[in-house]
Every structure is written in C-alpha cells, then in structure tokens.
Amino acid sequence: MHIFTLLFHPNLRRLFISLTVLFCSVAHAQDTLTYKTDDLFDLSLEELLQISVTELNRELKLYGYINTNAEQQFVFPSVGADGITVKKNDPFEWVPVKAFHLYGSAYLSEKIDVLFNLAYVDETIEVRNAWGNFKITRELQVRVGKMYRRFGLYNEKLDQIPTFTGIEPPEIFDADHLFITRTTNFMLHGNRNFGSTNVQYSLTTENGEGGAAPGVVPLGWDLRMKSDRHSLVFGTSGFASSMNGRNTTSTVEFNDGPPQGGVLPWMDGDHFFLTGLFGEKQIGRVNLQVEYWIARHDALRNPDNVLTLVREAGINPQQRQRFLGANSNKADDQLTTADVVVPVSYDVKTYYIRLAYNIDTRYGQFVPYLFLDWMSHPEVINNKDFGGDKESGLADDGVFTKTSAGMVYRPVPTVAIKLDGSIHSQKFNGQTVKYPEIRLDLSWAFKN
C-alpha cells in the first residue's frame, strides 16, 4: 500500500479534517500570528511555553501537556501453517488520552532548583522525574533524584511531544527495543560559553539495569556543543553497563514483555558498551537531524529461557540457528539445556536522518517532514510477550528500514496536530516484505 494512500485512510481523514477546521478557526482569529524559522531548532517545552528557566524566584511553576493518538498497521506479515507468508491488517486503534504530563519547577535558593514530572500513561500515574539540582558553579553542578539522562537529541524531550517534529521516537528510544534505560539517579554536569558556543557535559550513574548488584556501577556520559547563533548542536554520548566489566541483568523477568533497557530478559547476565554521535543543524527553514549508535554486548544466555523461546515463542529458522548452533536440526522434544549456545557477543546498531521544513502562514505553522530510520539487532525475537520487539525480531537477519513522511500543523504554538505514515522494509520468510502504518497525534501544552 502506497504511503500517500495511507495518509488519506478514511478513518483518519475524517478526524484530521474535523480537527483542522477547529484549529483553523482558532488561528484565523490571530491574523498577526507569526513563527520564527528557529522554532524547529532544539526546542524545549519551557521555551515553547515561554517559561524562564533562569528566573530566580521561589514560585512553583506548573505546566505540561496532554495528547491523544490514533494508529493503524496494514498487511503485517506472519508465517501460515503451510509456511507461506500471510498478511493481515491490525485494527484501527484510538487512545483518547495517550499521555498527560504535569511538570513543576521552582528555585529554592539561588543555588538550588527542583523539578518533578508526573505522567498519566496507560491508565496509571507514575513519577517520571523528581530531582534537585545543586549549583556549585555554572561549570560544576550536581543533580540527584530520578531524571532523564542526557543522551543524544531526544531522550530528555521524548515526554514533550508538542515541541518536536514527528510522532515516533528514534529507534534507540523505541519502548520495544530500548538500547539503554531512559533515567538515571546521579548527574554531575556543567556548561561554559566559548564565544557564541556553549559547551555542555554530563556524567551519570545509577543502579544496574536489573537493580542494585555487588560490583555493578554503570557510567553514562554526554559532551555537546550548542551554538544558537549558528543553529547547531553536535555531540557524543555513551554508556557502560558497568565500569568494571561486571554483568548486569534485565529490567524485566523472562516472559514479562520487552525490557526497559538494553539487556534482554533471556540473559543470565550482560555487559554492554554504547556510544554514538548526534547532530542538529538549522539551514534557513530546513531542519536536519542525524544520529548513529552502536551497542556492543557480551552476554550469557539462560539455557532454560532459550529452550522456552525455541518451543513457544515462534522464532524463525535463523534465530533457532543462532540460539542452538550445530544443534538447531534437533527436534524440540530432543533438545536439552546442553544444546543451547550460552556465551554470545553481538552488536546492536541504528541510525536515522530527519528532515523538516518550516512553512509560516497567517493560519499557523506547517512542517512537512521526511524520516529514514535503520536498525540492526541480531539477538532480539519477534514475540513481545517473551521480550521481543515486533520489528527487528520480525526480520530474518534482525535488520529493518523505516521510511516516514508526515506533516505537523500548529494553529498556535502550543497546539500540534501531527499526521504521518511509515513503511517498514525487511527480509522475512526468505523474501523482502513491506508493511505500512499510519498515525495521528494531537497535543496541546499549557501553563498556569
């Protein structure tokens, strides 16, 4: 199915038209509304809502956003009883309240500020962030509590969907195959200006992914330069699951869904090292973002868990060969734990390129965009109940490409209507297959 056919699927078309009419009427009353071309560049929720983050007063600032989301996946492939690829459309799914986030921030003194982020997601309330920041000097600050780690262009902003172009996160932070946990507990950080360029650094640590364990001390880092004058961000981030090479475990138990970090749930232990580069550049009205990441894993599989995957998870022949090696030709009822390949080393890699163009009109801001995402994960499986991701795990070789096209419409700066479609492409059941999906997201930000 062609991507532009998807963008005019009847269910989403009717909804998008009604929302557009509603918000165009809001924008029509604001004929003088204008946007700056740098509104696409490195925008935070605080900047969107014009909240001063350097205002040293003790008043509690409350702000946040709410969003609603709809999506549908088409012709998703699976293997039929006769070994032939069959394709089936998923049902159209509408989530009335995808997420609701409430932020609060305040300065307790000139040197101490605090922030919290409460999130209502999947009908539960959770604390996403709750930290205090102690400023010794501008170049040396300490933040403690629960916080998003500074990593690449998106991790600190993924809960701020009104601010960024697109709906889906980059694959490194897709919830079904996270390369790393999103939060940390301790951050040493600072920044300094060199002419028009601000250089920022951070060092972070927390418990191991599976919780506190003897000898497991993770280390994360980020170094970046930002120039508002040149509309440029460039940097590198990295993470070691333990500084001394000790193994850590998964964030979830086996058969309890995808992990919330980089360690797969069928591992007894894993040590991994993640690093990469990222950059963002605004050129006139064009915004360009690029990232590349690689995570090197040295792990030990749990033989009992792997046998469960082989017998119950519907893995493909390539995955069976990977888990069992020379024993992959044995019948399932003949397999024992001695047949499982326990030590494994593998690399997980991803990159993306994102292009967006800003169009200013008297009726608001229109931002058409094109994305290209690529990912390779040779160890993951398809079945999400057992910790798979239904993307890399679907492919014969763990590799997929996703191309996306869409539009963001902002009738006013604090409201974003986003419509896009994507096409996945990968090797499946011995042939190249493609399946498309379409998404609609409406979000609006607020402050007291």
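In this predicted model, the largest nonpolar core holds 60 residues, of which W266 and L274 touch the most other members; such a core is a set of buried Ala, Val, Leu, Ile, Met, Phe, Trp, Tyr and Cys residues joined through side-chain atoms within 4.5 Å, where buried means under 20% relative accessible area, exposed over 50% and partly exposed in between (1.4 Å probe, protein chains only). When neighbours within four places in sequence are left aside, the residues in contact with L274 (heavy atoms within 4.5 Å) include F151, I172, W221, F239 and W293. A second, separate core of 9 residues includes Y409, L419, L440 and L442.

Strands are DSSP runs of E with at least two residues, numbered from the N terminus, and two of them pair if DSSP finds at least two bridges between them. Strand β12 (residues 267-283) pairs in the antiparallel sense with strand β11 (residues 232-240) over 9 bridges, and F273 in β12 is the bridge partner of A240. Strand β12 also runs antiparallel to strand β13 (residues 286-301), to which 16 bridges join it, with G279 opposite V290. The two strands β12 and β13 form a hairpin with 2 residues between them, and G284 in the turn has a positive phi of about 65°.

Strand β14 contains I353, which counts as partly exposed because its relative accessibility is 37%.

Residues are numbered from 1 along each chain as its sequence is written. Local features need pLDDT of at least 70 and side-chain atom pairs count only at pLDDT 80 or more, whereas totals for chains, interfaces and linings use all residues, and side-chain values use heavy atoms, with hydrogens and water left out.

Note on methods
Helices (H or I, at least four residues) and strands (E, at least two) are DSSP runs, numbered from the N terminus.
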